[in-house]
2 protein chains.
Amino acid sequence: MAHIILNHTLVQAEKATVSIHDRGFRYGDGAFETIAIYDGVPYRFEWHMKRLAGSLEAIRINYDIISLWEECRNLLAANRVTHGLLRIQITRGSGGRGYLPEPAEPTCVIETMLLSEIPTQPVALYGSSYAKIPAISLPAEKLCQGLNSTLARMEAADYGCFDALMLGDKGYIAETSSANIFWLKDDILYTPALGCGAMAGSIRSAIIALSPYPVEEVQANITALANANAVFLTNVAWKALAVNQLKPAGLQWESTDAAMRFKTLLEQAMRQESLENQNDWRKEAAA
Amino acid sequence: MAHIILNHTLVQAEKATVSIHDRGFRYGDGAFETIAIYDGVPYRFEWHMKRLAGSLEAIRINYDIISLWEECRNLLAANRVTHGLLRIQITRGSGGRGYLPEPAEPTCVIETMLLSEIPTQPVALYGSSYAKIPAISLPAEKLCQGLNSTLARMEAADYGCFDALMLGDKGYIAETSSANIFWLKDDILYTPALGCGAMAGSIRSAIIALSPYPVEEVQANITALANANAVFLTNVAWKALAVNQLKPAGLQWESTDAAMRFKTLLEQAMRQESLENQNDWRKEAAA
């Protein structure tokens, strides 16, 4: 039986519930992180904690994240997770007069998840009719405001596509509904600059650091993809996933080799970090 | 003990919970309605059902709302509500691979709420640094995506203001974090057009229908407010609430008489509709 940690307490996942008054349920009033687990060790845990702290500050939820490291370690041990995902969500808790919150105890849920089946063949993208939410409306953090991404991905599925390519409010390529996007062109690796509406993804930043090619973070529109040599997507679940076409624009790429190369680099980095941190993360389980 | 109805079952409000896997909690993946209850009767119930159906269609949640009327009636009887609010929230339920949902049973929560204390004096607005989320990013429906409104209202509170005046993506006045806005100028009543980012509020449409002045739905920027004779806010909780100033722009108005006049018109309409529908809504309680 899989467990989760709800407000510092280990409980069975199936029985874990929150109040209907929780502002997470009512308004999506919270933030979350999803972290890759490689050989029992969360990849770039401190990086994720720093991003989470930034998200919570941006939406003004006061939560001491110091206990998360130990709680995550306990949960990994309880669920005996080797490879998968770790998800941490913190909401503002219950209460308030409409949108105006009252001081409340935040709600914290920590889960482990199995990796869903990842496509073994290159995937198609659909050019979404939904734009990313602009920074003037919401902080560019990882927030529990997922309807924009949900609707974009449902639309992509309507057209037989795996994911949706989304533009930012200024019309530049931002990211997909669920991943960052990279493209190779003449031995330079490109990805949208964060100001274009791209999420500051952990795998995005890892790929930038690991790339054997020079990397440029750019403001680019769809025409930049037309001449790309390869296109791939990155997130904690898919790692580096080859893209073979963009509908309905009719763009096509042969991305398998490039995506595989970056996926291999990434897995090497994950394995190395895992080896270096095994002792820290497995101490509790052995105790 | 107040009750709620959770997925067709009457339960105690304090014990009502939803799964941590509910997409409402994870992503704010749902829509809701808040309805004024006047003398035991929900005001403009059919209007709200039509708007809810539109919201659910826009975000592609399949839910048969036909049972809501009877469930709401049962809840009003159980909680013996005379004046207050009725809130209906429907989320996409649990499940899915990240943002992409799997077919699931939606979650429906019906609650009654007491009216919070409404200011008896005119209130101040703060010119928000947050813009409304544009229609290209999210359908202009009443969605469980409340962080934009929450952050705007928290910011307004920082400056000692009751609510936040927000602009749409094109820079026109849209609404406040929690209400529609109207202003009177030379015996014409103005309110932002829906395309400017204003929610299609039930009290907004009632005020337009009841107004003794001609009404114009306009694209207007802040300068339009500078010369207004009176400004007031409308929603199901506040009815018509006078605004006396906008910070930090330094605009001021004497809005008490105008707001009171519209509030009186509104209460007359609510009383009349309540009298006409008492038999329908009280049948169940008497049975």
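E1(A) and E7(A) run antiparallel and are joined by two bridges. Within this pairing, Ile5(A) stands opposite Ile110(A) of E7(A). The model is a predicted one.

- The strands of chain A form an open sheet of six, in the order E2-E1-E7-E6-E4-E5 and with antiparallel pairing.
- Strands of a sheet pair through backbone hydrogen bonds, in either a parallel or an antiparallel manner.
- E2(A) is joined by four bridges to strand E1 (residues 3-6) of chain A, and the two run antiparallel.
- Ile5(A) has Leu10(A) as its bridge partner in E2(A), while in E7(A) Ile5(A) stands opposite Ile110(A).
- The hairpin of E1(A) and E2(A) has two residues between the strands, and Asn7(A) takes a positive phi near 50° there.

**Relation of the two copies**

- The same surface serves both copies, since 100% of the contact residues of chain A recur in chain B.

**Extent and make-up of the interface**

- Contact between the chains involves 62 residues of chain A and 62 residues of chain B.
- About 5100 Å² is buried between chain A and chain B, with 60% of it on carbon and sulfur atoms.
- Phe25(A), Tyr99(A) and Leu147(A) contribute 16% of the area that chain A buries against chain B, more than any other three residues.
- The rule finds 27 residue pairs in polar contact across the interface of chain A and chain B, both residues being at pLDDT 80 or more.
- At least two residues of the side of chain A that touches chain B come from each of these elements of chain A: strand E3 (17-19), helix H1 (23-27), strand E4 (30-38), strand E6 (84-91), strand E7 (107-113) and helix H4 (147-158).
- H4(A) provides the largest share of that side, ten residues.
- By class, the side of chain A that touches chain B comprises 29 nonpolar, 19 polar and 14 charged residues.

**Strand pairing between the chains**

- E3(A) and strand E3 (residues 17-19) of chain B run antiparallel and are joined by three bridges.
- In this pairing, Ser19(A) stands opposite Thr17(B) of E3(B).

**Salt bridges**

- Side chains of opposite charge can pair when their charged atoms come close.
- Over all chains, a search of the whole structure finds 20 salt bridges.
- Four salt bridges are found by the rule across the interface of chain A and chain B.
- Glu111(A) forms a salt bridge with Arg26(B), the closest N and O atoms being 3.0 Å apart.
- Within chain A, Asp29(A) forms a salt bridge with Arg92(A), with the closest N and O atoms 2.7 Å apart.
- Asp29(A) lies in the loop between H1 and E4 of chain A and Arg92(A) in the loop between E6 and E7 of chain A, so this pair ties together parts that are 63 residues apart in sequence.

Notes. Residues are numbered from 1 along each chain as its sequence is written. Chains are lettered from A and ligands numbered from 1 in the order in which they are written. This is a predicted model: local features need pLDDT of at least 70, side-chain atom pairs count only at pLDDT 80 or more; totals for chains, interfaces and linings use all residues. Side-chain values use heavy atoms; hydrogens and water are left out. Contact means heavy atoms within 4.5 Å. Buried area is the accessible area (1.4 Å probe) that two parts lose on being put together, summed over both. A salt bridge is a side-chain nitrogen of Lys or Arg within 4 Å of a carboxyl oxygen of Asp or Glu. A polar contact is a pair of N or O atoms within 3.5 Å; within protein, one must be able to donate a hydrogen and the other to accept it, and residues adjacent in sequence count only if both atoms are side-chain atoms. Ala, Val, Leu, Ile, Met, Phe, Trp, Tyr, Cys and Pro count as nonpolar, Asp, Glu, Lys and Arg as charged, and the others, Gly among them, as polar. Two strands pair if DSSP finds at least two bridges between them.
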